[in-house]
Amino acid sequence: GYPQPLNAGETIIPGGGLDIGSDNIPTIGPDGMPVPGSAGTFRSLRVRSGFVPNVLGIGLRSKLTEWTTLNVYLAVWTTIGAQGQRKTAILQPDAREGYAKLEGPWGSLLVGRALDLLSRGATENDYLYLHGYGVGFPGNIDNTGPTAGLIGFGTLAAFFSPGIVYATPQKAGLQLSAGVYDAVTVAGAWEATRYPRPEGELTWDLNKGSFKVHLFGNGAFQNLYRPAETRSATAWGFGYGGRMEIGRFHMGVAGHYGKGLGLSYALEDSATTFSQSYALRTFDGYSAVAQVIAGPFDLNAGAGISRVYLLPEDLVNTMASVIKRQIGIAGAIVYHYNAHLHFDMDYLRGDYAWFLGEKQIVNFLSTGMTVTW
């Protein structure tokens, strides 16, 4: 279960590990009473959506000129589980993507809501070679999904953000994408913004039949402000990595480093992202995934680690324990019955440790199916 403080008066800073809340099963002592300070255990069986939930996408394409094409795309995501596991709760559709995109010999210009650039390559690695048909890390036990795959374990999620993005035409495999996105706030700390968030990514692709390579480097920064104050801070980060396909063997590696990133996605609303004085903490992460295609089966495996670096004030405050690192080890078997029906079984072990010594181990086993068309 979620660890209890090891010392009297100590608090555990929220944001790391798996806080299972009401699902906790206390450890019972010889006297028949719960053991004080024990983390206990938990068990939970859910029927829910996975890493990719129900997605309905509608795309329109129009030729504006001989050299320019207009693409319009809208995707609505829904999950099968209701909030708080209440079957009478209304399921709200999520308009996750919606954009217009002009394409021509000069490159492309996208305006609207789409996957942003920071850590996009790492997120694609996880989707392509490990959790595209599975679950991985489910997040909080009682939430609705989608699940997180390897996100939080060395993989920082790219997310869908409103923005304007220009991408150059690909030359000798190189392509540069640059965009400005609607700024985000960090609740409880930096709740005011004044300027958009710039992001950029440089990629290189090589395609020689059954041998393919994709390399990427991306970055972003954003200025944050305290409401009704003059104080400001800058969150920034960069990601890097690549993937390679040699026939039936595929693999991808990625890393990230930055300030104010959070464990799961950039500028995460979490008490781990900032200190009591609102100073932004530094994070890094590393992940590797691999896939072997064996006939109708995909054999997938991956691992990753996300780490938090303490601030000087954290070293002084020895009664508050911040998450130190999260390690995830995952595997998945996918059976493609045909081009439209896919069955998955996957496992993920989450290993968490805090700076003052607390630990948590969680094992997730998931199975299900995906229908595509």
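Tyr240 is partly exposed, with a relative accessible area of 34%, and Phe238 is likewise partly exposed, at 36%; here buried stands for under 20% relative accessible area, exposed for over 50% and partly exposed for what lies in between, with a 1.4 Å probe and protein chains only. The model is a predicted one, in which local features need pLDDT of at least 70 and side-chain atom pairs count only at pLDDT 80 or more, while totals for chains, interfaces and linings use all residues. Residues are numbered from 1 along each chain as its sequence is written, and side-chain values use heavy atoms, with hydrogens and water left out.

A pair of aromatic rings is described by the distance of the centres and the angle of the planes. Rings of Phe, Tyr and Trp (its six-membered ring) pair if their centres lie within 6.5 Å, and planes under 30 degrees apart count as stacked, over 60 as edge-to-face and the rest as tilted. The count by this rule is 16 aromatic pairs. For Phe238 and Tyr240, the ring centres are 6.2 Å apart and the planes stand at 35°, so this pair is tilted. Tyr335 and Tyr337, with centres 6.5 Å apart and planes at 75°, are edge-to-face. Of these two, Tyr335 is partly exposed at 30% relative accessibility, whereas Tyr337 is exposed at 53%. Ring pairs also link Trp236, Phe238, Tyr240, Tyr257 and Tyr309 into a cluster.

Charges meet rings as well. A charge sits over a ring if NZ of Lys or CZ of Arg is within 6 Å of the ring centre and within 35 degrees of the ring normal. The charged end of Arg226 lies over the ring of Tyr278, 3.9 Å from its centre, and that of Arg96 lies over the ring of Trp77, 4.4 Å from its centre.

Turning to the interior, a nonpolar core is a set of buried Ala, Val, Leu, Ile, Met, Phe, Trp, Tyr and Cys residues joined through side-chain atoms within 4.5 Å. The largest has 34 residues, and those with the most contacts inside it are Leu18, Phe137, Leu150, Ile323, Leu348, Tyr352 and Phe364. Another core, of nine residues, lies apart from it, with Val186, Leu224, Leu267 and Leu280 among them. Beyond its neighbours within four places in sequence, Leu348 is in contact (heavy atoms within 4.5 Å) with residues including His131, Phe137, Leu150, Phe153, Ile329, Val362 and Phe364.
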